[in-house]
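Q: I have a model open on my screen and would like to learn how to read it. Could you walk me through it?

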Amino acid sequence: MEEGIKRDAVQAPQGTESGLTGATAAAIRELADAGKLGPGSVLVVGVSTSEVAGARIGTAGALEVAEQLLQGVRQVAKERGFHPVYQCCEHLNRSLVMERSLLQALGLREVSAVPIPGAGGSMAAAAYRSMADPVLAETVEAHAGIDIGETLIGMHLRRVAVPFRPSVRYIGSARVNAAWSRPPLIGGERAVYRTPETSGTAQCD
């Protein structure tokens with residue numbers, strides 16, 4: 001009962017197509033700016049359309065909602081040139097929908113399934129049928145990720161992930177979280193992480 005009360009209190013989903021599409025594009029555009037996403041970058045997208053619609057994750061998936069969010073993702077991907085990939089739900093072991101050309105370019109391991117709303121999730125299903133030559137990859141190391149509805153995308157991010165909070169905190173009724181990644185810093189006390197104006201005097205050998 002308490003869970004139902006909490007759900008009733010959550011903000012209502014944005015009712016228009018432009019609302020969901022525009023909110024998705026705005027959040028991803030902010031993430032792309034923060035993480036410097038551009039040509040060659042990979043963005044992992046995790047979505048619970050149930051949560052967007054105000055229901056509990058995995059209980060009320062909707063392809064219609066997924067299509068609206070997909071438009072927002074593709075809009076920014078076209079602007080910036082990065083590659084979006086879409087996380088399936090746990091029924092398909094959180095595999096990733098992507099174009100075959102990207103899987104081959106990254107040398108990823110292919111797995112075999114066709115995502116549907118009941119096994120893979122509505123967002124993965126919508127993405128799969130929108131692609132020219134879709135395929136599922138077992139895993140990826142993405143440069144950044146956006147999580148709409150707290151689906152947990154961390155397993156597909158590069159080390160080191162930097163949490164990012166876009167100004168768009170909800171899409172529909174789903175909470176939005178995101179992260180971009182940076183290379184691990186190495187070296188310790190004497191290490192330099194930006195090109196120095198002049199060379200230092202300390203020698204390593």
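Here is a conversation that goes through the features of this predicted model one by one.

Q: Let's begin with the overall make-up. How many helices and strands does the chain have?
A: Happy to start there. Since this is a predicted model, we are reading computed features throughout. The chain has six helices and nine strands. Of its 205 residues, 43% are buried.

Q: What do the contacts in the chain say about how far apart in sequence the joined residues are?
A: Take the contacts between residues at least 6 apart in sequence: 69% of them join residues at least 24 apart.

Q: Now the nonpolar core. Which residues have the most contacts inside the largest one?
A: The general idea is to look for buried nonpolar residues joined through their side chains. Here the largest nonpolar core has 41 residues, and those with the most contacts inside it are Leu 69, Tyr 86, Val 97, Met 123, Ile 146 and Ile 148. At least two residues of this core come from each of helix H2 (17-35), strand E1 (42-47), H4, H6, E6 and E9. Apart from it lies another core, of 14 residues, including Met 98, Leu 103, Val 135 and Ala 179.

Q: Which residues is Ile 148 in contact with?
A: Leave aside its neighbours within four places in sequence, and Ile 148 is in contact with Thr 24, Gly 46, Val 47, Ser 48, Val 52, Leu 69, Ile 171, Ala 174, Arg 175 and Val 176.

Q: Is H6 mostly covered or mostly open?
A: To judge a helix, go through its residues and ask which are buried. H6 is mostly covered, with seven of its nine residues buried. These are Ser 122, Met 123, Ala 124, Ala 125, Ala 126, Ala 127 and Tyr 128. The elements that cover them include E1, H3, H4, E2, strand E3 (96-99) and E5.

Q: How should I read a salt bridge, and how many does the structure hold?
A: Side chains of opposite charge can pair when their charged atoms come close. This structure holds eight salt bridges. In one of them, the side chains of Glu 67 and Arg 129 meet at 3.2 Å, N to O. Glu 67 lies in helix H4 (residues 63-80) and Arg 129 in helix H6 (residues 122-130), so this pair ties together parts that are 62 residues apart in sequence. Glu 67 is partly exposed at 27% relative accessibility, while Arg 129 is exposed at 56%.

Q: Which residue does Asp 133 meet in a salt bridge?
A: Asp 133 pairs with Arg 100, at 3.4 Å, N to O. Asp 133 sits in the loop between H6 and strand E5 (134-137) and Arg 100 in helix H5 (residues 100-106), so the pair ties together parts that are 33 residues apart in sequence. Asp 133 is partly exposed, at 36% relative accessible area, and Arg 100 is partly exposed too, at 24%. A network of salt bridges links Arg 100, Glu 110 and Asp 133.

Q: What is the volume of the largest pocket, and which residues are closest to its centre?
A: The largest pocket has a volume of about 390 Å³. Its lining has 24 residues, and the closest to the centre are Val 47, Ile 57, Gly 58, Cys 89 and Gly 121. The elements giving two or more residues to the lining are E1, helix H3 (49-52) and H6. H6 provides the largest share, three residues.

Q: Finally, the backbone. Which residues does a cis peptide bond join?
A: Arg 159 and Val 160 are joined by a cis peptide bond, with omega about 5 degrees. Val 160 is in the loop between E6 and E7. Look also at phi: Lys 36 has a positive value near 55 degrees and is not a glycine. Lys 36 lies in the loop between H2 and E1 and is exposed, at 71% relative accessible area.

Notes: Residues are numbered from 1 along each chain as its sequence is written. This is a predicted model: local features need pLDDT of at least 70, side-chain atom pairs count only at pLDDT 80 or more; totals for chains, interfaces and linings use all residues. Side-chain values use heavy atoms; hydrogens and water are left out. A salt bridge is a side-chain nitrogen of Lys or Arg within 4 Å of a carboxyl oxygen of Asp or Glu. Helices (H or I, at least four residues) and strands (E, at least two) are DSSP runs, numbered from the N terminus. Buried means under 20% relative accessible area, exposed over 50%, partly exposed in between (1.4 Å probe, protein chains only). A nonpolar core is a set of buried Ala, Val, Leu, Ile, Met, Phe, Trp, Tyr and Cys residues joined through side-chain atoms within 4.5 Å. Contact means heavy atoms within 4.5 Å. On a 1 Å grid over the protein atoms alone, a cavity is a set of points where a 1.4 Å probe fits but cannot get out, and a pocket is an open set with protein on both sides within 12 Å along at least five of seven lines; lining residues have an atom within 4 Å of a point. Grid points are joined across faces, edges and corners, and a volume is the space filled by probe spheres set on the points.
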